[in-house]
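Please read the report below alongside the sequence and the coordinates, starting with the backbone and moving on to the fold as a whole.

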Amino acid sequence: MTASFSPQQIKANRIKLALLWSVPFGLMAIAGIVYALVQAGYINVGSKNEGVLIQPPIQLSQLALTADIDPDKSNLWQDKWSIVVRGGADCDAACLDTLLLTRQIHIRLNKEANRVQRVYLAAAPSSTTAAPESLTVESALSDELSAHLATDNHYMKVAIANAAQLTVLDNALMAGDQMARFFVVDPDGWAMMYYLEEHEGGAILKALKSLLKYSKER
């Protein structure tokens, strides 16, 4: 015996079927719109547990030279994850807070700490005409900052580069009118992620521990 449906039931079933078919296409359309808004900068989907990705990553292997590179390494970034503070010749209160925060994070990485180094990256004075290989810490940092790094951050390496070399990096580290507090470089020399004032220390530590956990081969 064949069931019979009223015109109203048939219409309702057709509407339900149309809605079921439209759901996946609607979700795809919404995802596409959200992706476009994120790419355009109208939506920030980052959370306090994640840094901001540098897109595309920036290669730093040929960028900065420093006097304390290990003799058996070809560049500063080799074999270590790096927490890098992009600073100036002097260090204001916000800069000092960042140095303290990154030192605490490094210590609290515990057994993973030896896979990480901290680096203070500064530009040579704009008036200098020296070749990159002749740049020195003394030429780029104030006496006060040099003394502070030596006493309170003596495990922190210092890298100096010509200001022109840092232009692309500095532009990538800007979020609106806010400069990144510090950024992360992988063992191949790729600057890949940065953190802002809004990112909380505990969340940053958790994120970095996770990063190191899933990169055991490095």
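## Residues with positive phi

In this predicted model, Asn110 is exposed, with a relative accessible area of 52%, a value that counts as exposed because the cut-off is over 50%. Asn110 is placed in the loop that links helix H2 (93–108) to strand E3 (116–123), and its phi is near 55 degrees, which is positive although the residue is not glycine.

Asp79 also has a positive phi, of about 75 degrees, without being a glycine. The residue sits in the loop between E1 and strand E2 (81–86), and with a relative accessibility of 53% Asp79 counts as exposed. Most residues other than glycine have a negative phi, and most peptide bonds are trans.

Pro56 belongs to strand E1, which covers residues 52–59.

## The sheet and the helix across it

Which strands form the open sheet, and in what order? Six strands take part, in the order E1-E8-E7-E2-E3-E4, and their pairing is mixed. E1 and strand E4 (157–161) stand at the edges, where each has a single partner strand, so that one side of each is left without a neighbour in the sheet. From one strand to the next, the twist averages 30 degrees.

Within this sheet, E2 and E3 pair in the parallel sense, and the pairing extends over six bridges; Ser82 stands opposite Gln117, a residue of E3. Helix H6, made up of residues 201–213, lies across E2, E3, strand E7 (182–185) and strand E8 (190–195), and runs at about 155 degrees to E8.

## The chain as a whole

The chain contains six helices and eight strands, and when these elements are followed from the N terminus they run α-β-β-α-β-α-α-β-α-β-β-β-β-α. Among the contacts between residues at least 6 apart in sequence, 72% join residues that are at least 24 apart.

How many of the residues count as buried? The chain has 218 residues, of which 37% fall into that class.

Definitions and conventions. Residues are numbered from 1 along each chain as its sequence is written. This is a predicted model: local features need pLDDT of at least 70, side-chain atom pairs count only at pLDDT 80 or more; totals for chains, interfaces and linings use all residues. Side-chain values use heavy atoms; hydrogens and water are left out. Helices (H or I, at least four residues) and strands (E, at least two) are DSSP runs, numbered from the N terminus. Buried means under 20% relative accessible area, exposed over 50%, partly exposed in between (1.4 Å probe, protein chains only). Contact means heavy atoms within 4.5 Å. Two strands pair if DSSP finds at least two bridges between them. Axes are lines fitted to C-alpha atoms, for helices over the stretch in contact, and angles run from 0 to 180 degrees between N-to-C directions.
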